[in-house]
Amino acid sequence: MNKISILGYGAYIPRYRLKIDEIEKAWSDKEYSTRSRRLGVEEKAVAGFDEDEVTMGYEAARNAVKRAGINAADLGGIITGCMSRRFRDKSASAMIAQMLGTSEVLACDCVHSSKSGSSALILGKSMAEAGDRSVLVIATDNPHAAPCDDLEPLSGSGAVAFVCGKGEGVAHIEGSYSCSREVYDIWQPVEVPYMYYDMNVSRQQFRDVTVQATMAYMERHGTKVDDYSYFVLSQQDARAPLGVARALKIPKEKMAAGFLCMRIGDLYSASALIGLAAILDTAKEGERILASSYGSGGADIIGLRVGKGIKGRKDACPSVEDYLNDKVYIDYLSFLRYSHVL
Amino acid sequence: MGKHVGIIGAGVTPFKGTWREKTYYELAQMAAREAIKDAQIHINDVDAAFYGIYNDIFERTAIPEHAIHGLLGMQNKFGIRITNGGATGAYTISAAHAYLAAGRFKTALVLGVEKATDCFDFLSMSATPEVIKAIGWSGDSFFEQPLGWSASDSYAEVVLAYMDEHPGDLKPEITARISSQLSQQVKGNTYAQRQFDQVTPEEVINSRMVAYPFKELEICVYSEGAAALIFAEEETAKAISKNTGKPVIWITGVGEANEHSFAGKNQKVMSRIMSDYYASHRAYEMAGIMEPKESIDIVELHDAFVHQLEISMAEFGLVPLGRADSLIEEGLMTPGGKYVVNPCGGLIYCGHAVGASNIMSAWSARNELVKRDLKTALVHGTGSTVAQYTACMIFEHE
Amino acid sequence: MTEEFRFIEHCAGDINRTIPKRYRLQGSQCSKCGALFVTKRLICPECKGTDFEEVALTGRGKVYTYSAVRVPLLPVLKKGAYAIGVIELEEGVKAEGQIVDIDPDDVKVGMKVETTIRRAREEYPGKVIYMYRFKPARQ
């Protein structure tokens, strides 16, 4: 049997941070401010004026390829998962392939859901299994919520990338489970500039489907919560994942390593996976990780076991913590400028 | 008169409707590379560079030659840009000749480059209207631009005035036959944009009317490409010629004239292209040509329009004014005739890469003089509104 | 997109044609004498060579000189200032580029930098032009 592992991973978080206080100051008369504070997000990562989902995805991809110790030309596929893609017709994966300097590669995008990143990872794993070349999977998002919108304090920017391939790598992908349902929780018709959402439906569905899918995965693989050292979930805010953890009886400390929402916000398709990258930065050989990603009413669950390859790969490129610590605080007006609202 | 100046190397890039994969700077280097390879010299042996560049809007950059200079390896040497409407290439040759004749330099690179389709009209998803608009900026801003001035109608005014003065000349069947003949001549030019675009006189007559009296197949096509020449003064030229085994083509006469751009008394004579008359006759005088009809073998003429080609031939004194149709009717330019006119296919078939066109014509004239072992060629460039600018050169095979 | 970014509206094949250069800092190397250039060259000023190979440059190097632009054409960074510098690459050749992810006042000559890719401008209609930038090297 061909073991598919994550051979390398890399993250990228833009250096600009907007404190939620700044948004509250700007919209001081808005009732939502207390609520957003209760949601636990303190600051969010903001892409610079000259950054977008493609440049961030490229940075993460370059880190992942570097950490995997391969050449971009060795890649057989590039799959980019991105929910907030500004282009309806223009392949981000093909652009990133060009930026990395390779063209003999299958490049396709996985879009339209906040779980497109994890779906891309599952597809990339299968593709690596079927073929003989490694596959680069990127999850990147640069979501823009409308000013004064309830999502504005939550939506952050960042990217993460994984190289999936055969052999002993950073972490072996033990298995995956997906469940897809339909629900109107976050949706965006093509003719409107910002997403519509129903926060109540979204949180309820997130909780229900994540609990159900996680239990289904563990049942199929004959594992239980105690077998895993780390759990990482989609983080729409800093409260909802903790509710799921309580329902699944996951101890809080197993959530901590991948819980970045309060420091960078919700990265949508990269939300759970950047947490996974942060876990890999600290995990030791033999430890098991369960990652779950929620989007469009459905969930993807991916189980991993940290491999021998983790040693010596950690310092190949900046860690998630390095990116988290390199930050510059901006004010609300700068945020609007960087987001091209002004 | 100054020193003798000769052509010792020449090269062109293929002329194409669009060079999608090449940058402006790359085209410039391609032509220069061909020319220095032809002359078998090193770029370090070239003392000065003369750049013929028509229009900044085409190249999407102002002073486009500043980057080319270093990319060619011409740093720390003389470099100058010449911009003179459609006659840019011819004027660039004239300028380089003057500097060398004056003894300022021993060798010079004459380089014309054009990249027209980088200006792009997103409404029509085509480069053509945007190219025409960019050319439209050359009309004067008060009288011409607001009228919807274009290059075609400004030349049409001159041609129509000539036709009023000389009824019975420039007959549609004759202009069609000239265009058809040029399309046959282009077959031998492997660098031409329309090398395999042969047309019959009937096809020309039936082609779409663009601006009366010009039909689509009687108008030059805009093109992208570059052309380069290496000039040298007498002694250097002879030494290089000895090395390459290729004869020097001497530039024995140069003449220029720019007319008034408005019609009127002592101003533009609408029925004539006086700039062609003055420029050619000044070149003849400098070259010591008394009887152009007897001396000129090859004419590499800037044929923006077939009708203008006929009038220009008359202004050169090669056919009588009012009897330009004798070019065909008396077999003067038909194969085996007295003159070889535009053996490269001219700008109508080889392509009009504005800054490079006349330099391409010079490249062709030089090749044809050697190949056909003929003595004298006339190279011509025209441009600006109402055929206002002209520069002419006489090339002589030693 | 803000108005200022549309300062050049007319473009065509040009932006596709320059992708290797804009994304990967593609240079060229003389096949005969090995002279290396940041730009695309066809005539070697060192030898008589006229054949070149395209090579991707590492993009790593150090700041050779720079200037902070305070009255900018591009309103890209806070305070409207950005740094443009000449970078001496590991290969020994120099390339010009914007230095990002750093306050222009903090840029130092000799500082180690590496390339990244950023949005340079947006051209009508909706074409985003990406280009290499230099940022402080992390390791």
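Predicted model: local features only at pLDDT ≥ 70, side-chain atom pairs only at ≥ 80, totals over all residues.

Trainee: What makes helix α10 of chain A mostly covered?

Mentor: Of its 12 residues, 10 are buried. The buried ones include Leu273(A), Gly275(A) and Ile279(A). A residue counts as buried if 20 or more other C-beta atoms lie within 10 Å of its own, so each of those residues reaches that count.

Trainee: Why are β5 and β11 of chain A called edge strands?

Mentor: They belong to an open sheet of 9 strands, in the order β5-β4-β6-β7-β1-β8-β13-β12-β11 (chain A), with mixed pairing. β5 (106–111) and β11 (230–232) each pair on one side only, and that makes them the edges. From one strand to the next, the twist averages 25°.

Trainee: How do you know that β1 and β8 of chain A pair?

Mentor: Two strands pair if there are at least two bridges between them. β1 (residues 4–12) and β8 (residues 171–179) of chain A have 2 bridges, in the antiparallel sense, so they qualify. Ser5(A), for one, has His172(A) as its bridge partner in β8(A).

Trainee: And how do you know that chains A and B do not touch?

Mentor: Their nearest C-alpha atoms are 16 Å apart. Chain A does meet chain C: the contact takes 16 residues from chain A and 17 from chain C. On the chain A side, α3(A) gives the most, with 4 residues.

Definitions and conventions
Residues numbered from 1 in each chain as written. Chains lettered and ligands numbered in written order. Contact = placed C-beta atoms within 7 Å. Axes fitted to C-alpha atoms, helices over the stretch in contact; angles between N-to-C directions.
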